[in-house]
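Subject: Structure handover

Hello,

Here is the structure I said I would pass on. My notes follow it.

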Amino acid sequence: MSTMDGYRKGWATRYLREAKAELTAAKNTPYMAAGFIMEALTKAQAAIYYSLGNPAFIVPIVHETLHTRQNVEEPILNFLVEIEKTLQQLAQSPKADNEKTMEHVNDIIEFTSEIVELFGGESS
């Protein structure tokens, strides 16, 4: 059973596909990896936003949760907060260990695939 309409599903799968491509580009061009890693993470985040609903309504919830440092019980909201924290850390120190960061972002993208599949009703 799909909970996403065609519009949101199209954007979610597109962002997920692009996130995977950005991560592949990061692996293939180490001298530009930091930018590709940030883009991959941002696109994975967008894929989840579109899977859940209108990003305009979800982004403020994530930022409010992050800034108030609330204890998050909802797993997907917790995941989105962790993605946002990771994006902020990467923005502050882009010269971090790219191999370790790519592994972490790959894990995020894999989990994002599961979320998109769960809410979209089919494999991405």
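Arg14 and Glu18 sit four residues apart in helix 1 (residues 6-28), so about one helical turn separates them. Their side chains meet in a salt bridge, with 2.8 Å from N to O. The term salt bridge is used here for a side-chain nitrogen of Lys or Arg within 4 Å of a carboxyl oxygen of Asp or Glu. Helices (H or I, at least four residues) and strands (E, at least two) are DSSP runs, numbered from the N terminus. Arg14 is partly exposed at a relative accessible area of 37%, and Glu18 is partly exposed at 22%. Buried means under 20% relative accessible area, exposed means over 50%, and partly exposed is in between (1.4 Å probe, protein chains only). The areas come from the Shrake-Rupley method with a 1.4 Å probe, and for residues only the protein chains shown count as cover.

Please keep in mind that this is a predicted model: local features need pLDDT of at least 70, side-chain atom pairs count only at pLDDT 80 or more, and totals for chains, interfaces and linings use all residues. Residues are numbered from 1 along each chain as its sequence is written, and side-chain values use heavy atoms, with hydrogens and water left out.

The other salt bridges

A search of the whole structure finds four salt bridges. One of them pairs Glu22 with Lys43, whose closest N and O atoms are 3.1 Å apart. This pair links distant parts of the chain, since Glu22 is in helix 1 and Lys43 is in helix 2 (residues 33-52), 21 residues apart. Glu22 is buried, with a relative accessible area of 15%, and Lys43 is buried too, at 14%.

In helix 4 (residues 75-92), Glu82 and Lys85 lie three residues apart, about one turn of the helix. They form a salt bridge with the closest N and O atoms 3.4 Å apart. Glu82 counts as partly exposed at 36% relative accessibility, as does Lys85 at 35%. Elsewhere, salt bridges that share partners join Arg14, Glu18, Glu22 and Lys43 into one network.

Thr13

Thr13 is placed in helix 1 and is partly exposed, with a relative accessible area of 26%.

A charged patch

Which residues form the negative surface patch? They are Asp97, Glu99, Glu103, Asp107, Glu110, Glu114 and Glu117. Patches are made of residues with over 30% relative accessible area and no salt bridge, like charges being joined within 9 Å and nonpolar side chains (Val, Leu, Ile, Met, Phe, Trp, Tyr) within 5 Å. Lys and Arg count as positive and Asp and Glu as negative, while His and the chain ends are not counted. The place of a charge is NZ of Lys, CZ of Arg, CG of Asp or CD of Glu. Asp107 is found in helix 5 (residues 98-120) and is partly exposed, at 47%.

Overall

The protein has five helices and zero strands. Its radius of gyration is 14 Å, close to the 14 Å that the globule rule gives for 124 residues, so the protein is as compact as a globular protein of that length. That radius is taken over C-alpha atoms, and the rule is 2.2 Å times the number of residues to the power 0.38. Along the principal axes, the C-alpha atoms fill a box of roughly 40 × 35 × 20 Å. Buried residues make up 40% of the 124 residues.

Regards
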